[in-house]
Structures are given as C-alpha cells and as structure tokens.
Amino acid sequence: MAKTRELCKDIRDKIVDLHKAGMGYRTISKQLGEKATTVGAIIRKWKKFKMTVNLPRSGAPCKISPHGASMIMRKVRDQPRTTRQDLVNDLKRDGTTFSKKTISNTLRCHGLKSCSTRKVPLLKSAHVQARLKFANDHLDDPEEEWEKVMGSDETKRELFVLNSTCCVWRKKDEYNPKNTIPTVKHGGRNIILWGCFSAKGTGRLHRIEGRMDGAMYRKILANNLLPSVRALKMGRGWVFQHDNDPKHTARETKERLHKKHLKVLEWPSQSPDLNPIENLWRELKVCIAQRQSRNLKDLEKVCMEEWAKIPSAVCANLVKNYRKLIISVIANKGFCTKY
C-alpha cells in the first residue's frame, strides 16, 4: 500500500476549528475535500493530546536485545579487528540469528564505524615511556619556547606517486587519459629532501644526492641550517630539533653541534607524530601532486617552489597548537596519535 500524503498543520488546525464551531465529521470532510476518516483521526488526536502536530514515532523495534548489544560492544572493544561474520557466528552460538546488516546498524548506533587500520611506527615499551616523559616534561612549556625551535627532517618524494587518491567525474568504463593516474613498477624514481622550519616560516629545502651518511648530513647542516636561522631571524637562544636517526646521533655529528654551541632538543625515538614538520611534508605532497613533473629535475624544481610558497601563518599555527599534540600523547598513554 502506497504511503498517503500528510496534511499540513494549517489544514489540521482548520479541521479542529470547524469541529469547535459545531460541525460534524462529514460536513467538515465535504467542505475541505478530505476523507471523513482522516478528519476523525485528527479530531481524536486533538482531544487526546491537545495538539495537531505529528507526534514522534518509535519506528521498528530493535532486533538485538540490550544483552546482545552489550556482548557485541564488549567483543569489539577487546578485539577491534573482529569481523561482522565473527559477530554473527558468536550470536548464533548463543541461540540468536542476525544478519551482518543488523550488526552494522548496532555498531553505528553506538558510535562505531568500520575504518582501515592506520600504519604507525613500531613502539616498544621503552619508546612509549620516552614519549610520555617527553610529553610530561614539556607540557607546561610556554608557546614562546616552542617558537625558538628550529625543526628539521628528511622526506622522500616520488615522481610517480602510487598511493595518491584522486577523484574524477567520468562515465562507467571510461579510460580517458585525463581520468587515469600513470604508475610504474616499484614506484619509479624519487628524490630525498632535507628541510627545516620554525614558527616564523620555512627554512631551506635541500635535495640529498646519493646515499646520505654522517659526513653528508653534517655538510647539509653547515650549508643550510645556520643560513635558515639567519633568514628567519631566530635570534639568540634558538634550539635545534632532529630525530634519532643514526646519522643525527653519530659521535662526530654531536661534537660538531657542540662545537658550534648549538642546543639540541632531546627527542624520543619513533615519534614522527610529535614533529610538526610532518604536516608540512603533507602540504608539500598535496601541492606537487597537482603539478605533473616530467623528470626528477622538474620534480626538484616543483618541490622548491611549493616549499617556498607555504605561508608563515601555517608554520605559526603548527607551533601554536603543539601543546594540544602533547596533551593527546598523554591522553593516549604514550602511544601514537593523529598528525
């Protein structure tokens, strides 16, 4: 049976007014052109609830009992990788049968949805404790202290990005070159970049030729770090930050930094989510994906141009919100957070 249209509130109110004036159901029905049964239903609702608006409806009853829903939530909390079929089998063993669609609806009603697992660095117990210690030690640091930090990192940019996601408008089974992304085996060629930034903006971006070792890393710092500090007018008392890569923590590298009287921020291992420059690498990746580079030299040129275009306000905002990142690490008990 097809769903009938609902009367607007004005007509329902008019039916009640005519009823108050002493008219009968059939008289009102003929005058307004509505069914007598509809008129009667509206008047009875008004007599019972003193209103003509539609009341909230309960909908279809829930198939899964509260006990079954609690069992599903407990199972998912203990084992997040549990599939819907596993839950269906568990309920079937308890004597109840439900479809996978019903399981999905129940999980969504409790605020859960199916998501792909995130890839994060492997954290051992020592890493987790070091991350917690770092977060607690710097929790109360003022924003001015983080503005003095010059952060650095390396990244790889591929000429053909295999994992890029791009949506296009096309017809079904249409393979026009404009609607495709060219790929090559093993990712094709790539370049390695070293970059630095502070709250005042981006520093120099340097392409690393060949395989980087400790000597090359020290040369990169000598040619790019201090010029970037002077260009950004960091002043005295600035702090250098880099991760715990073996080239960064080599004895000769530490001696060179100590000889230059550079203060280095102690950094927990396996913590890219604590480094705001990762967000800038993401910005760079998005920008260069919109420009199709023909070769590695062209890719390097595009990276340099897009890196210089990153507004200083973006860098300042990353530093400004750094305390929120530290709080999220503490809230997650030292494990990886979103960045």
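Guide: Let us start with burial: a residue is called buried under 20% relative accessible area, exposed over 50%, and partly exposed in between, using a 1.4 Å probe and protein chains only. By that rule threonine 82 is buried, since its relative accessible area is 15%. This is a predicted model, in which local features need pLDDT of at least 70 and side-chain atom pairs count only at pLDDT 80 or more, while totals for chains, interfaces and linings use all residues. Residues are numbered from 1 along each chain as its sequence is written, and side-chain values use heavy atoms, leaving out hydrogens and water.

Visitor: Where does threonine 82 lie?

Guide: Helices (H or I, at least four residues) and strands (E, at least two) are DSSP runs, numbered from the N terminus. Threonine 82 is found in the loop between α4 and α5 (84–93).

Visitor: Which residues does threonine 82 touch, and what does its side chain reach?

Guide: Contact means heavy atoms within 4.5 Å. Leaving aside residues up to four places away in sequence, threonine 82 touches Lys75 and Leu87. A polar contact is a pair of N or O atoms within 3.5 Å; within protein, one must be able to donate a hydrogen and the other to accept it, and residues adjacent in sequence count only if both atoms are side-chain atoms. Here the side chain of threonine 82 reaches the backbone oxygen of glutamine 79 at 2.7 Å.

Visitor: How is a sheet read, and in what order do the strands stand?

Guide: Two strands pair if DSSP finds at least two bridges between them. In this model five strands form an open sheet with mixed pairing, in the order β3-β2-β1-β4-β5. The edge strands, each pairing on one side only, are β3 (201–208) and β5 (263–264).

Visitor: Do β2 and β3 run parallel or antiparallel, and through how many residues does the hairpin join them?

Guide: The pairing of β2 and β3 is antiparallel, over six bridges. The hairpin that joins β2 to β3 passes through two residues, and serine 198 has glycine 201 of β3 as its bridge partner. By contrast, β4 (residues 239–241) and β5 run parallel and are joined by two bridges. Phenylalanine 240 has valine 264 of β5 as its bridge partner.

Visitor: Which helices accompany the sheet, and how enclosed is β3?

Guide: Axes are lines fitted to C-alpha atoms, for helices over the stretch in contact, and angles run from 0 to 180 degrees between N-to-C directions. Helix α9 (residues 214–231) packs on the sheet and touches β1 (149–158), β2 (190–198), β3 and β4, its direction making about 155° with that of β3. Helix α11 (residues 277–289) lies across β1, β2 and β3, and runs at about 35° to β1. Six of the eight residues of β3 are buried, so β3 is largely enclosed by the rest of the structure.

Visitor: What is the phi of lysine 50?

Guide: Most residues other than glycine have a negative phi, and most peptide bonds are trans. Lysine 50, in the loop between α3 and α4 (66–78), has a positive phi near 60°. Lysine 50 counts as exposed, at 62% relative accessibility.

Visitor: What is found in the segment after α14 (322–331)?

Guide: Lysine 333 lies there, with a positive phi near 60°. Lysine 333 is exposed at 61% relative accessible area, whereas glycine 334 is buried at 0%.
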